[in-house]
Structure formats: C-alpha cells, structure tokens
Amino acid sequence: MHYHRRPRWALKENLVTSEDVFLSRRAVLAGMGVSAGLLASGQSARAAMTPEDAFSPTPALNPAFADGGRAVTEEAITSQYNNFYEFGSSKRIAREAQKLTTDDWVIEVDGMVSTPFSIGIEDLIKRVNIEERIVRHRCVEAWSMVVPWIGFPMAELVALANPTTDAKYIRFETFMDTDISREQRASWYPWPYVEGFTMAEATNELAFMVVGAYGKVLHRQFGAPLRVHMPWKYGFKSIKSIVKVSFTDQQPLGFWEELQAKEYGFWANVNPEVAHPRWSQATEQPLAGGERIPTLPFNGYAAEVAHLYDGMDAQFGDRLYR
Ligand SMILES: Nc1nc2c(c(=O)[nH]1)N[C@H]1C(S)=C(S)[C@@H](COP(=O)(O)O)O[C@H]1N2
Ligand SMILES: [Mo]
C-alpha cells in the first residue's frame, strides 16, 4: 500500500455537495490516496484493450473539439477523483475499480432495431471512426474538469444499431455483477445503473461514446471499456461500463432519477440559473484547483445543443435543467 500526502488539488469531500443523500455515507478514506503504480492487476494478454495502455493507432484530435476552454485537467487528478457508485460512494474508488475485467466485453444491442445483436468491444472499435476530443465535464455536485477523451460519435452507434422509426430513445445499461461490484449487493440502490437520451440528443455531434482517455485505453475507474460522455449535461448522465444499448419508445428511467426524481431528472441539462434543490448551480470548482468559476448554460455548448430544446421550456420548465 502506498500512501502519499493529500495533494493541493484534492478537494475535501465536504467541499463539494453530494449526489448521495439517502445514505449520507461520508468517505472515511480522507487523505488516503491510491498511487497509479499499484493499480494494474490481471493485465490482459491482448494489449490493445488493456486499460491504461497507449491507444493504438493514435486517434486524430477532432478540430471542432480541440479546445476545452481551459487547460486539460491532469490525469493524476481526474483518474483519482471519480464517481462510480458500483465501487463505492466516495471519490476514491480507483483502486476498487481495478476489479473490473474488460476481457471479452460484449455489448448487447436490442429493442426497436431491425435485428438485435451482440458485439465485442474490440469489434465495435473497428467499426467506428475513433477520434480524440477535449471537452468539459460538469458534475451536478458542482465540480468540473477538462478531459481528452478518445471515442466515437454516439450517432455512429445509432447508425450501426439501425433502429426502427418507432424508436424515440436510446437507453444504456451498466454491467451488473455482485462479484465485481460489492455495492451492487446493496438492495437500496436501483442497480444496474441506467441512463437514456432522446434520439435527437443521441445523434447530436457532441454526444460521444468513450473508449479511451489521455491517449490510453480507458482507465477502469473512468468506466472501461465503454462509457457515454454528454458534455452539456450533468455528469450523472454519462453512464459508465456499458453492457447493453436498447432502443425504445419509453423514456428511460435513470438510476438517479429512480432514487431521487425531484433532484435528478431525465434531461439534466447544465444551467447555472436553475439551482439544485439543495445547492446553487451558478458556479463550479475545477478539480485542477484555484477559484470557483461561473457555470455556463449547457456547460458552454449552447451553440451546439440549445436548438434541441427549442420550444420545450413551456412543457418542461426547470425540469429541462436538473
Ligand atoms: N455506471 C455508472 N456510471 C456513472 C456513475 C456511476 O456511479 N455509475 N457516476 C456518474 C457521475 S455522477 C459522474 S460525475 C461521472 C463521473 O465520471 P468520472 O469518474 O470519469 O469523472 O460518471 C457518471 N457515470
Ligand atoms: Mo456527477
């Protein structure tokens, strides 16, 4: 076990608000870090899919998303401060998340598609256009980061799945395995983690499927081997470690919405003017440290996505923004 000094950037957990209200389990791991060196366990023989190995071939940086607006947040910070409740409700889950094995990872595609199918993660990666994007991430708890993700447009996943015209939503499901995730033995959570989006959101250019970060195959704690990233929505929408993609005409009920619908809704678009019931969303704390900064509408991506919600305020009001 390696211990290191609490780095300057390590937010005390009580400085950020918490999504987890029901249990209020406060981390007992304060000050106890995990060093990257001891994380690698059970390395896969297939180098290409071993988390944290260099991504090969090196993906091109998409010029449309080459600038996160502020400096990329160091990997040493973002890879050690995670939300991944399958591995615990503290931010220090990186070591526990190494239990995740991504060997022979298969994603099931079903629901309103012409032909349901399963596809291995390595095959999936071969069938899409892999690129790098540097984008902002804003957690509903009011911390934020800038990450260079590697992945492919969600629109390409939709095209591959070939949904029928009846499909109105895409629904994602995280793995369910109580051997890997001790937390999934806890019946008070509505496991497995689920999230979903409208087809218009899923096919927007900003909607991204992530398979890598920082030039490497995706770290387990980031949600290996396949996660979502929706830069204009609160972070809980960006579901990790996906095993199932379904197309449906029913609005998916997310994990957090099922737990606490008043606080975490389906839309969850970032909006500094709509407070969370328990805290303001006007500003955010960059994980990189420094002063709090203003939060921007749609997390600064209004030009790309605001049109998706034209005319919907009358029907949904503040529900579009929490
Ligand atoms: N399956 C799953 N996906 C998840 C979560 C989770 O607990 N389980 N947490 C969400 C939340 S609240 C955030 S802010 C982001 C955090 O991503 P990161 O740990 O890679 O920064 O993942 C999201 N996806
Ligand atoms: Mo979050």
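**Cavity, ligand and backbone**

The largest cavity has a volume of about 240 Å³, and the structure it belongs to is a predicted model.

Student: What takes up the space of the largest cavity?

Tutor: The lining of this cavity has 20 residues, and those closest to its centre are Asn 83, Phe 84, Gly 235, Ser 238 and Lys 240. By class, the lining divides into ten nonpolar, six polar and four charged residues. The space that they line is taken by ligand 1.

Student: Which residues are the closest of those that surround ligand 1?

Tutor: The shell around ligand 1 divides into nine nonpolar, six polar and four charged residues. Of the 19 residues that surround the ligand, the closest are Tyr 85, Glu 86, Arg 227, Ser 238 and Lys 240.

Student: Which side chain has an N or O atom 2.8 Å from a nitrogen atom of ligand 1, and what percentage of the ligand's exposed area does the protein bury?

Tutor: Asn 82 places a polar side-chain atom 3.0 Å from an oxygen atom of ligand 1, whereas the side chain of Thr 174 has an N or O atom 3.0 Å from a nitrogen atom of the ligand. The contact at 2.8 Å, also to a ligand nitrogen, comes from the side chain of Glu 86. Taken alone, ligand 1 exposes 550 Å², and the share of this area that the protein buries is 100%.

Student: Is the peptide bond from Trp 191 to Pro 192 cis or trans?

Tutor: Most peptide bonds are trans. Pro 192 lies in the loop between β6 (169–174) and β7 (194–198). With omega near -5 degrees, the bond from Trp 191 to Pro 192 is cis.

Student: Which residue does a cis peptide bond join to Ala 224?

Tutor: The residue in question has its place in the loop between β9 (216–217) and β10 (227–229). Omega is about -5 degrees for this cis bond, and the partner of Ala 224 is Pro 225.

Student: Does Asp 104 have a positive or a negative phi?

Tutor: Most residues other than glycine have a negative phi. Asp 104 is found in the loop between α1 (75–78) and β2 (106–111). Although Asp 104 is not a glycine, its phi is positive, at about 55 degrees.

Conventions: Residues are numbered from 1 along each chain as its sequence is written. Chains are lettered from A and ligands numbered from 1 in the order in which they are written. This is a predicted model: local features need pLDDT of at least 70, side-chain atom pairs count only at pLDDT 80 or more; totals for chains, interfaces and linings use all residues. Side-chain values use heavy atoms; hydrogens and water are left out. A residue is near a molecule or strand if one of its heavy atoms lies within 4 Å of it. A polar contact is a pair of N or O atoms within 3.5 Å; within protein, one must be able to donate a hydrogen and the other to accept it, and residues adjacent in sequence count only if both atoms are side-chain atoms. Accessible areas come from the Shrake-Rupley method with a 1.4 Å probe; for residues, only the protein chains shown count as cover. On a 1 Å grid over the protein atoms alone, a cavity is a set of points where a 1.4 Å probe fits but cannot get out, and a pocket is an open set with protein on both sides within 12 Å along at least five of seven lines; lining residues have an atom within 4 Å of a point. A molecule sits in a cavity or pocket if more than half of its atoms lie within 2 Å of its grid points. Ala, Val, Leu, Ile, Met, Phe, Trp, Tyr, Cys and Pro count as nonpolar, Asp, Glu, Lys and Arg as charged, and the others, Gly among them, as polar. Grid points are joined across faces, edges and corners, and a volume is the space filled by probe spheres set on the points. Helices (H or I, at least four residues) and strands (E, at least two) are DSSP runs, numbered from the N terminus.
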